[in-house]
Amino acid sequence: FKGRGHKTGEDVAWTFEPHVAEALLEKMLTEAGVRVLRNAPIDRTAAATTRSIPWRLIGLRLKSGEMVRGKIFIDASYEGDLLPLCQVPFTSGRESNQQYGETLNGVQNLRATKHQFKEAVSAKVDPKDPQSKWLPGLLPPPHPEDGSADKGVQAYCFRMCLTDDPENQRAWQKPANYDARDYELLLRQYDLGSTFTPWHIVHMPNRKSDVNNNGPVSTDFIGGNIGYLEGSDEDRKKIFEAHRKWQQGLIWTLAQHPRVPEKVRNEVNRWQPAADEFVDHDGWPWRLYIREGRRMVSTVVMTEKHVRGLEKIEDPIGLASYGMDSHNVHRRIIDGNVRNEGDIQVYGFNPWPISFRSILPPPNSCSNLLVPVAISASHIAFGSARMEPVFFVLGESAGIAAAAAIQQGIPVGEVPYEDLRPLLEKAGQVLRFDP
């Protein structure tokens, strides 16, 4: 197999089938003696904490009524759900460029040239009627200035695992209450002559593929994640199902609708869900791809300046190495047409170090919590750090720091970095990039 990132002589596979990754992770957990509580959501309305300042998290109550206690807690959720529960400062959405002296944060209209409509696509239900209403899901003017703050969060989607092997395929499913009018923006592109298949196929072993968003109307359900972060479990389930319905309906449209070119329909039907992946969930991923959730606000906030190497930190716990990348956030109506807003893709810098303090709550807040995913970072810096390999790196460093704190009998934020660094290096963590 020759796929993304594979080089002759290397013993690392960077692209792999979901069930293989799952099996390896399960094996690692078993070997480490980790007890995993599955399908055990926490009660996000209350937590047991001490009253002293800085306070400690004593335990998390599960919805089943059980209490999970610990000396140190690590919030490894995409959403950062322990941040509000533990009264730790956090933010979500996009800061203004002015807040941290950045250039790529905030609302982005002019820079959003990728995954953009190439032809003018009317935002009206009936383009020929001047009095026609706007299509749903679009933001009318006035629009905020580029670089200004807003609470929008980059779009979510499902990363499908497809195969072109007819012996290992599940048929595409038409979602309940399917309505082709939900995909009018997609169909209008084909009316204008497009022959583009709007997905990104990344090949994996055994004739499989990881599929990501690609194009102005694709698997990203732009605007569909509004309310997700602050929503209840029931609210999030509804948003999850809305995303699944959107994406399944999108694929059904691409595979079946007569306004879609035959070339595109054939390509979409050539790739179908792999029958041996997500076997207990109809071949569909169990989790929604939460590209960005809450972000802690701590004593060190990683920003665009850190990504570009313009500001240095002295307590690195791992490296990030992706471009500053945000998917689109909104669809806006500009001059009567539809324009996607929010996409940023800026590359060309070295891997950059992430500060220990960016995964620690600030002083005088929760003293026994580590946050290696919802790190203290601006929106655009998080866009470079938000990859699972980085989360694995930061998660391991968080675990090492937690163990050191317990062994020394001190709050995790008081572990001296000169003590932590040798432990990280012994574990094989790369803390500086050497060109």
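Tutor: In helix α9, Ser397, Ile400, Ala401, Ala404 and Gln408 meet Asp419, Leu420, Leu423 and Leu424 of helix α10. Contact here means heavy atoms within 4.5 Å. Helices are DSSP runs (H or I, at least four residues), numbered from the N terminus. By class, this contact between α9 and α10 has 6 nonpolar, 2 polar and 1 charged residues. Ala, Val, Leu, Ile, Met, Phe, Trp, Tyr, Cys and Pro count as nonpolar; Asp, Glu, Lys and Arg count as charged; the others, Gly among them, count as polar.

The model is predicted: local features need pLDDT of at least 70, side-chain atom pairs count only at pLDDT 80 or more, and totals for chains, interfaces and linings use all residues. Residues are numbered from 1 along each chain as its sequence is written, and side-chain values use heavy atoms, with hydrogens and water left out.

Now the geometry. α9 spans residues 388-408 and α10 spans residues 417-426. Their axes come within 10 Å and cross at roughly 130°. Axes are lines fitted to C-alpha atoms, for helices over the stretch in contact, and angles run from 0 to 180 degrees between N-to-C directions.

For contrast, take another helix. α1 covers residues 18-32. Gly33 follows α1, with a positive phi near 70°.

Technical notes: Helix = DSSP H or I, 4+ residues; strand = E, 2+ residues; numbered from the N terminus. Expected span 1.5 Å × (residues − 1).
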